[in-house]
Amino acid sequence: MPVVNYQIENNVGVISINNPPVNALSHTLRTELVETITNAQQDESKILIMICQGRTFIAGADISEFGKPPQPPSLPDVLTTIEASNKPVIAAIHGQALGGGFEVALACHYRCALSSAKVGLPEVKLGLLPGAGGTQRVPRLAGVEMALDMITNGNPISAEKAQSYKLIDKVIEGDLFAGANSYAQELIETKAELKKARDISIDPTTVNNDLFANYREKLAKRARGQIAPQNIISCIEAAVMLPMDEGLAKERELFIECMQSNSSTAMRHLFFAQREATKVKGLNKDTPVRDVKSVAIIGGGTMGGGIAMNFANAGIPVKLVEINNEGITRGLAIIEKNYSVSVKKGKLSEKQKTHCMSLISGVIDYQELADVDLVIEAVFENLALKQEIFAELDKSCKAGAILASNTSYQDIDKIANATQRPQDVIGLHFFSPANIMKLLEIVRGSKTADDVIATSMKLAKIINKVSVLSGNCYGFIGNRILRQYAREAQLCLIEGSSPQQIDSVMQNFGMAMGPFAVGDLAGLDIGYKARQGLSDEQRGEEKTYCIADALVEMDRLGQKNGAGYYQYDPQTRARSNDPLVMDVVEQQAKAQGIKRRQFDDDEILNRLTFTMINEGAKILEEGIAQRSGDIDIVYVNGYGFPVFRGGPMQYADSLGLKNVYDTICQYREQYGEQYWQASVLLKDLALSNKTFSEWSKDK
Ligand code: 3H9
């Protein structure tokens, strides 16, 4: 079946593209487009309309072809053919015109779009830049500042906004083809010219001298470790300074540099991993899902309130359950405050805020939960309390309601067994602040029903979360790995390093924050209290937490009271080192009989990251995560792991698993078996020269 169809209707040549699911510019599509447009030059049509079937206009180059040998015609060649057409070509856009898809539209002579459509150049999110003229045509049409903004942030814009920046010529309401056809007749009647973005030149004197330098500086901070944003700036600078063809050559050169970078490989891995993570192995695609039209959240604290906002934002009514009216008033006030911040930042209108607030109501009686479709418990981490709540929910909720816990590490089966319907119980682990953080860990218990898993996956998409399925174990995927990372940070500290050295190593690696700065932000008392609830065995060796405990016992709780691993200015919250902390470290090392030594940065980096990788491998081995990409998605979206490294497992693949395995074996010799027993899977893959990604695909 051809992916491009062509027919002449009256005097209009209609180029109809049908390459599901998103009309990506595969080799076949590129070939057929060139053929169709070339042939159309000779026929009786007066104008050409390019329109797509299915859910969207062209969503970009076919990302799955990247990294493979290129096959002609290249996308720039396709665009040259379109632009050189002797009759005008109109792009008719619905859904999204993204990346190479929008570049195709920009090479057309006219662009019309449904008012619901969006256009954008999201390549930067794949560690790339628009490689088919986007960096040259957007500044010519929309201005340099708009181009810098749009291409470096990669977010799509509405058709209306695109029209205001001359990126779209006409916005259509109603039927796209009918609208595009009447636009075509109008252009024929007015003998419209072959309008080409390349014919516009930008006067360099109109561009602010510091504009590019300011952007470079801003993006060096915001997108640390990534080359694409800096290369995009160079391309747009070329659009100002050079003729079109030289600008295109520069764009090509820098596009190839991005394409060959490790960061783009990592970010493309994440693109597919995120989509793969939504698929549950062994779960039939046609598994029915339950209707979720109303939700209740048990616990109106920061977490419960944040979770409630997700549902209200998606138009789903929420009952917030608290133990008394004061609790409700307090909970609703926190939510209202969060919404007000969004209004202040211009992310929400006052009307939208009022609407969202109207969807959230407070209740104190479980009887009021009789008709809700989903309940999410979000009280503090105490198993007995959670079991009590679930037993209560079992009595109050209707048959078929999904009962979920937001626990970060408790055993889902033990919670489920407090009910007579363990098949309806699941873990929905949101990350704080729950209204902002993208990640949702969906934890299946041993008896969780397939349709409860399928419904949770679907719901995650509705509330705009990135979901990953985890098996049931202490800490699930994320916190189980985090424990190893935190332990090594504590061990490096007591053995000779400092909070500032460790934090700066991890920040230079690309983590959003180092482990000690994170501890101070979260509050050191949280870990302290959690440790109190653990058995000696669960708590582990004293040297892995004694410094943290000592600081809390000195009332150093972190940012909230101005002192933790660092000192904080009460007004500005600026962080500074505190010699007192190093005194505590020295004392604790002495008490543990540890002789402190100099640490080099590489050892810190390897110990902190390799322990994560090793635990990740054990998680795969045990079937807790379905594939290595799922672990990467958890770490990038929930724990500030740098996107340009692709997550811990992709990072391991990029280093070579043999290197990681050999270093772990060396640490086992140096520091003992307890923390450095290599995972069997890691060993097997290292010795057979395979990657986690390959193993995940073959499984
Ligand atoms: C580019 O264009 C470079 C050029 O500048 C230069 C070249 C020289 N390719 O997201 P969904 C698959 S770079 C291949 O679940 P939605 C996706 O994997 C590209 N496959 O749907 C999934 O497969 P599966 C710039 C793609 O409705 C299926 O389609 N463009 C591509 O939630 C459905 O995807 C972008 O970065 C692709 N380009 O969202 C846009 N896109 O079903 C990337 C999707 O097997 N795409 N697939 O898991 C998107 O942002 C979203 O897919 C979109 C639809 C918004 C379009």
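How far is an oxygen atom of the ligand from an N or O atom in the side chain of Glu123? The distance is 2.5 Å. Keep in mind that this is a predicted model.

Let's stay with the ligand. Arg275 also reaches it through its side chain: an N or O atom there is 2.7 Å from a ligand oxygen atom. Ile63 uses its backbone instead. One of its backbone N or O atoms lies 2.9 Å from a nitrogen atom of the ligand. How much of the ligand does the protein cover? On its own, the ligand has 1000 Å² of accessible area, and the protein covers 78% of that.

Now the shell. There are 28 residues around the ligand, and Arg55, Glu103, Glu123, Arg275 and Lys279 come nearest. By type, 15 of the shell residues are nonpolar, 8 are charged and 5 are polar. Which element gives the most? That is H11, with 3 residues.

Next, the sheet. Six strands form an open sheet in the order E1-E2-E3-E4-E6-E9, and the pairing is mixed. E1, residues 4-9, and E9, residues 170-172, are the edge strands, each pairing on one side only. From one strand to the next, the twist averages 20°.

Last, helix H7, residues 176-189. H7 packs on the sheet and touches E1, E2, E3, E4, E6 and E9. Its direction makes about 165° with that of E3.

Technical notes:
Residues are numbered from 1 along each chain as its sequence is written. This is a predicted model: local features need pLDDT of at least 70, side-chain atom pairs count only at pLDDT 80 or more; totals for chains, interfaces and linings use all residues. Side-chain values use heavy atoms; hydrogens and water are left out. A residue is near a molecule or strand if one of its heavy atoms lies within 4 Å of it. A polar contact is a pair of N or O atoms within 3.5 Å; within protein, one must be able to donate a hydrogen and the other to accept it, and residues adjacent in sequence count only if both atoms are side-chain atoms. Accessible areas come from the Shrake-Rupley method with a 1.4 Å probe; for residues, only the protein chains shown count as cover. Helices (H or I, at least four residues) and strands (E, at least two) are DSSP runs, numbered from the N terminus. Ala, Val, Leu, Ile, Met, Phe, Trp, Tyr, Cys and Pro count as nonpolar, Asp, Glu, Lys and Arg as charged, and the others, Gly among them, as polar. Two strands pair if DSSP finds at least two bridges between them. Axes are lines fitted to C-alpha atoms, for helices over the stretch in contact, and angles run from 0 to 180 degrees between N-to-C directions. Contact means heavy atoms within 4.5 Å.
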